[in-house]
Amino acid sequence: MTEPHFANTLPMGLPSASPAPVTAATPPATALDIVFTGTGSEYFRIWIVNLLLTLVSFGIYYPWAKVRRLRYFYGNTLVDGAALDFHGNPKKMLKGSALVAVLFGLYSLAGQFSPVAGLIALVLVALIAPALVRASMQFRLGNTSWRGLRFRFTGSMPEVYRSVLPLYVPAVLILGFLAVAAPEPDQAPSSTAFIATMLGLLVMTVAVQPWTLWKLKRYQRNHYAFATQQTQFGATPWSFYKLSIKVCGFALLAIALPVAAIAVMVFTAPSPQQGLRGLGPLAGLLPLLVMLLVWVAVKPYAVSRTQNLLWNHTGNHDLQFHSALRFAPLLRLTLKNWLLVLVTLGLYWPFAAIAMAHLRLQAVSIATRVAPDTLVDQRPHGSQDAAGDAAGDMLGFDLGL
């Protein structure tokens, strides 16, 4: 069993929804390990049936396929020996999928009608999106249970707009600048001031991404609730900036190493032309190979560091998540999965999904000062069955955030 501990990444004074009573001695933390018991052969049968029925039904079966998949993964995720469960209704999820299809359909039609209509449709979709994010979180957590008690998402509507709307600020500034200062269609954007301003806005867009991601994750993780416990998110914006800098640095390194190796091969030849000819077909495939290398190597690094950052800063006074997902095992598994998926023409995909879930889930543990039996008995006031939020359930909208 994992050694229980409370990380120093969360202030120990953070209150839970129902603060623990003050006692003379702080109760010791116990560890709730997470074990994943799914197997590739079992999931393959679910996956192949889901795939075939989704294809022959032209996508209508997708919500039923998603529910079967989630029930299998949740049912094989054991927390302290008890499995999670998913209670989503496929018919309600079909409404959510239909809503997404209608929104994107209207946006596409409006864009073909006129640019102004397309812009208006885009603004309307952008304004609706935060509400859908909240509904999705309510639906997913409200339909997830452990030991018969459902989770909840307590984020409010004003909070989600305050958290999500900053994502749009760079786009609004760019569109506004283009509307005011863009050259005529038959003129090249030769103005130095115009190009400099556009570059400045693009740099600003990139620069604020870690901050906007932090705001979104803080909104999500400040409102996970189970029984009377509610989590809080202790990470700072700077931690997201440090992670982004490391990921970008790792990506540049992944690009630079093969490029440098090929440059050495070319320039150590009697002439650069002979060096290029010596590379043969590799010269034409170089950009694609570099992109593939960056994707395969950088994604596991970003995934492992992001998972650890998020879960190690999620908890409260009585409950602390801990993640120790390591980059090297994740990279080896990613390479193995990609290779076997290619060799089997995709049939290894469900086995790869199971292996990935096994590695990522079992890297997470929970330290708690509240006994599991006591935790389940602490039902929130005003809710007799702790069912999920009615609004989110009514929409059946699930972004999978």
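Where is Phe58 found?

## Two residues with positive phi

In this predicted model, Phe58 is found in the loop between helix H1 (40-56) and H2. The phi angle of Phe58 is near 55°, a positive value in a residue other than glycine. Phe58 counts as exposed, because its relative accessibility is 77% and the cut-off for that class is over 50%.

Arg147 also has a positive phi, of about 55°, although it is not a glycine. This residue is found in the loop between strand E4 (144-146) and strand E5 (149-153). With a relative accessibility of 37%, Arg147 counts as partly exposed.

## Helix H2

Helix H2 covers residues 62-75, a run of 14 residues. From its first C-alpha to its last it reaches 20 Å, which is close to the 20 Å expected at 1.5 Å a residue.

The buried residues of H2 are Pro63, Ala65, Lys66, Val67, Leu70, Tyr72, Phe73 and Tyr74. An α-helix has 3.6 residues a turn, so residues three or four places apart point the same way.

## Packing of H3 with H4

Two packed helices are described by the angle between their axes and the distance between the axes. For helix H3 (residues 90-113) and helix H4 (residues 115-142), the angle is about 165° and the axes lie 8 Å apart. Because angles over 145 degrees fall in that class, H3 is roughly antiparallel to H4. The crossing of these two helices is left-handed.

On the H3 side, the contact is made by Met93, Leu99, Leu103, Tyr107, Ala110, Gly111 and Phe113. H4 contributes Pro115, Ala117, Gly118, Ala121, Leu122, Val125, Ile128, Leu132 and Phe139. By class, this contact of H3 with H4 has 14 nonpolar and two polar residues, and no charged ones.

## Packing of H7 with H8

Helix H7 (residues 192-221) and helix H8 (residues 237-267) have axes that come within 9 Å and cross at roughly 130°. The two helices are therefore oblique to each other. H7 passes H8 in a right-handed crossing.

From H7, the contact involves Ala207, Val208, Pro210, Trp211, Leu213, Trp214 and Lys217. Pro237, Phe240, Tyr241 and Ser244 make the contact from H8. The residues of this contact of H7 with H8 divide into nine nonpolar, one polar and one charged. Lysine belongs to the charged class, and Lys217 of H7 is one of the residues in the contact.

Notes. Residues numbered from 1 in each chain as written. Predicted model: local features only at pLDDT ≥ 70, side-chain atom pairs only at ≥ 80, totals over all residues. Heavy atoms only, no water. Axes fitted to C-alpha atoms, helices over the stretch in contact; angles between N-to-C directions. Helix = DSSP H or I, 4+ residues; strand = E, 2+ residues; numbered from the N terminus. Parallel < 35°, antiparallel > 145°, perpendicular 65-115°, else oblique. Left-handed = near helix turned anticlockwise from the far one by under 90°. Contact = heavy atoms within 4.5 Å. Expected span 1.5 Å × (residues − 1). Buried < 20%, exposed > 50% of the residue type's maximum accessible area, 1.4 Å probe, protein only.
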